[in-house]
Amino acid sequence: MESNNSTKKYKEKNTINKESISDFLSSEHFNQWPKIGQSINTLISMQHLSILLDSEFIKSKSFFLLLNALKQESSFKSQGHVFFVFDFDFRDLNDEEKQILNSVPYRLLLGDNYDSCFKRISHQGICIAFLATNGEKGTIVQSFARKNGIYLRWYGLDALGNLRSLYAKKQQSSNKDTNIKSSKFTPLFRITNEIVKIQRSSNPVYVVPKQGSRVFSSHGVLSLQLEKPVMTDHFSITYFTDNVRYYAKIYTLQSLQIDVWENKANRMLKENVEIPGVCWPIDTLKDSEGKFVGILTPASNGVQLSRSVLNGKTGLSQLFPQWDKRNLCRLTENILKTICELHEIGVYFGCINPSSIYISSDKEIYFVDTDAWQIEGYPATSKNQTFTPPELLRNNSSPYLYSVDQEYYQIALLTFMLMMPGKFPYAKRKGTNERESIINMSFPFSIGGGMRRSGDSERPSGIWRIVWDHLSYKLCYNFYNSFHPDGKYSLPNKRLKDKDWLQAVKEYYASLESQDRKDSICIFPKTFRHDEKRSFERCSICGQEHPDFYFVHSIRVQKEKIDIWKRGYRICLPCADDKSDVSFSCNCCGRTFFYTNRTKIVHEIGKVDFDWVNQRWCRDCKKRTVKCKQCGRDVPLYQIKDFEDRIRHLKKSVCTECFKSLIEQARYEKERWKNEVYTTRVCNNRYCGRTFTITNGEYEYYNRKGLNLPTRCPNCRKKRF
Amino acid sequence: MANEAYYTSEHFSQQRRLLINGDPRALICFCVDVSQSMDEWWIQSGGLRRHTGSGFSDGHNVNYFDLNDILPGYAHYKKMDKLNETLTGLLNDMKYDRTLCQQVAISIVTYSRYATVKYDFLDCEALNIKSCECSVESNETSMGDGIRTALAQLDEMQNDLRNADNDYYTPILVFMTDGTPTDDPRAEFNEIRERVNNKDLFIFPLGIGEGADMARLRDMFPVGQAPSGFSEKYKMTKPEDYIMIFREIKDHVKKKQIIMVSEGNSIQSSPAINDSSVNNNQTGQVVDLFKLI
């Protein structure tokens, strides 16, 4: 037993493992390391420690805090101390990052991996402080360092330039200390229905910094010059600064009269939220008098979502012309992932603002104006009609704090508008506006044969019908049930969650990757999805293939239904309503009108089977009315005829009825006039000598024939002949 | 009957464009007075040596003059020419604007004795600017017919957009006249007032020349909704007036088009600075935090 015990002790003494290493270290050893919460300057001043920089640390904003601290610790450089960087990490940096690294003295640790790097320095007995951004990496690097007998501890930096702990996942789950918070894995902000108390600012500013002014971070670590404005909202202007990594968001004078902005910023700064793409405040900003004026945020890049993807085909073709459906899916996925992470830590949008989401690519997304979000009892600072749930519009209610269920509605809407780029899910019917279409939930898209359509909307016939068709069944099912008034996810508290949408989009993306049909990948396909159940035909006019339901099958000619499909006509719906080569010119306005192809067929068939009259007036001129000069009625212009009274030398525009009656009257008058006496004569016959008359009609007759007027009476003329 | 369908070339072009581009549209209809009086001249004050006579034409008194009597150095133009110049300038601007060209559709309705659709609705990008120039016709001013035709055009286009499931912004009617109507447009004015009141229409009633009846044009707005300084601002007498007003129309269109169509006519709070080179992140209405104090 004794020997066993002694053997056991021996083994314990000579084995290096995590639990027992402290047995071999003196108390002095512990005092050699900086403590969590101490400033980075403390670490730099500890010249017995070597500082090793992770590549992610160099890329992060924390590196600039290190740079600033180095300016104050002039002894570091003067005594020839350097930082260390893994050689393979250095090779991963881009030119700009390498250039930034050049501003500090450094040396490369040669080797292709951690093990080989540490092997080279294992005999030197150095202690390394490893500056990183990720606890997992710290654990990995530490294990290799220990394997090679090197003491290594890893640290992160907080916004104030103080050392902080970084936890790996395993450590997180085993950490029983509930006071230790992680930015990613536990809710940092509590969900509440109570609005915070807002008061007038106790120390308000009277002049707000503008372009050219200097502002200072809360502890004076950073001093920044405001350059030109980059973005604005109602409450603030965000400026470029002389440090490319940061923007300064300065509030307006009126906004700064209340304390909510400062309090909210301080609350946000208490938690170090490092979600990629989320421009969480780094620090508060003060003016030269030390008064709060704004917040320091990471710089962003790209264009607003509202001006790009949500601006439909125009926005996409100008800004992302090479994108296809896969890019949209990746973008949506990345946005939803960020949203899920924000929800995990208790941060809500309140009312999603797509103008505050900037995209540089489908992977590079920036969520700016994070101070406008709903965080604990701090309400979201703007609301818009687009993303307001129908029940709120219906009840005309406008809560300060939105529930997570209302957030889920907005996420569904955002997902729809991303997958159907720029299309709002609700359709305006005649006589209603956008607000009413949301309240009525006029969702015009349907799915399958069993689903009922929204009663208020006709089935769309344009491009959106085709885009909808190319979405996955799951997405269509989810959208339909979320936006249709009868849908099972349409009611409050029944809505799909953010993770459900993320899953659906991921599955859709996976299906796109596996498909080899170009049409489904195209954002705006030309035709419907190819399906085994559908038979496709080619249109005889445009040459495009479509499923047979997208063709004209029958037309009505004089109330008789004729099956043109059987007659061999293959004309798709768009071409049916497109211009044919048959036209007419309006006799009234002179404009040329073309018949649709559908009408052309009607005329073709009509000419064969029925009588047909050619068009002479357009519908506008047919409606145009003029007052009849005779009866005073308003009659269609094309029914007006010009009546000319040659006897009285009169011309007037009259309706057809008046024209007929005027013609009748003229005929009657003419007859009467004909029978009137023109002249009286005495018969030339010396045996007759009677007086006879020549009527107007007779006079006209002789005149027309070029004859002289008769000189004998009708009786004598008759006897002679 | 759907089987008896016939349209102008522009209409078919637009239908094809709606099938390719499902973006929301902003509709602008120009309703232009092309009565005889638009053939009149405007001469800068003091620029005419003498009149040669006077008369009555198109519902009002006119003076006649010889072109040679215009003093050198004084601005002068025919109302129709100036209108065409500014209108085509505006259309050109919109045609070559990257964002507006595909999302703004234009129609032109002219009216004198009758109203005619001179140009059917078509996206700016596809406009034939030369064909948009108007010419003087007969000597009556059927304002009612003009308005009726313009409103019918807008209704039909909105219908087409609905059928294609495209969204659209509140349409704009730019109504231009230089004189008094020779018909009775009261019913049409009522219709416009109702639409403006319901926020179904934006109207820009423009008076051309000194003889324009601004009081009558003001009547197109619901009570209390006429813009301030209407009579001065929307009366085009000097050449620069035309440019100013058409620039305002373009700015209005651009401003509306930046906002998502789903926002409709909801309140949009203004940003802290109004600068087109600065991204405006403001969407919708701000929450009044002062109320929570």
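## Helix packing in chain B

In this predicted model, Lys82(B), Thr86(B), Gly89(B), Leu90(B), Asp93(B) and Met94(B) of H2(B) meet Pro239(B), Tyr242(B), Ile243(B), Phe246(B), Ile249(B) and Lys250(B) of H7(B). Contact requires C-beta atoms, placed from the backbone, within 7 Å. The residues of this contact comprise 7 nonpolar, 2 polar and 3 charged. Ala, Val, Leu, Ile, Met, Phe, Trp, Tyr, Cys and Pro count as nonpolar; Asp, Glu, Lys and Arg as charged; the others, Gly among them, as polar.

H2 of chain B spans residues 79–95 and H7 of chain B residues 239–258; their axes come within 10 Å and cross at roughly 30 degrees. H2(B) is therefore roughly parallel to H7(B) (angles under 35 degrees). Axes are fitted to C-alpha atoms over the stretch in contact, with angles from 0 to 180 degrees between N-to-C directions. Helices are DSSP runs of H or I, at least four residues; strands are E runs of at least two.

## Interface of chains A and B

The contact draws 72 residues from chain A and 55 residues from chain B. On the chain A side, 29 are nonpolar, 25 polar and 18 charged.

Strand S18 (residues 382–383) of chain A pairs with strand S13 (residues 285–286) of chain B, antiparallel, over 2 bridges. Pairing needs at least two DSSP bridges. Lys383(A) faces Gln285(B) in S13(B).

## Numbering and confidence

Residues are numbered from 1 along each chain as its sequence is written, and chains are lettered from A and ligands numbered from 1 in written order. Local features need pLDDT of at least 70 and side-chain atom pairs 80 or more, while totals for chains, interfaces and linings use all residues.

Definitions and conventions: Angles under 35 degrees count as roughly parallel, over 145 as roughly antiparallel, 65 to 115 as roughly perpendicular and the rest as oblique. Two residues are in contact if their C-beta atoms, placed from the backbone, lie within 7 Å.
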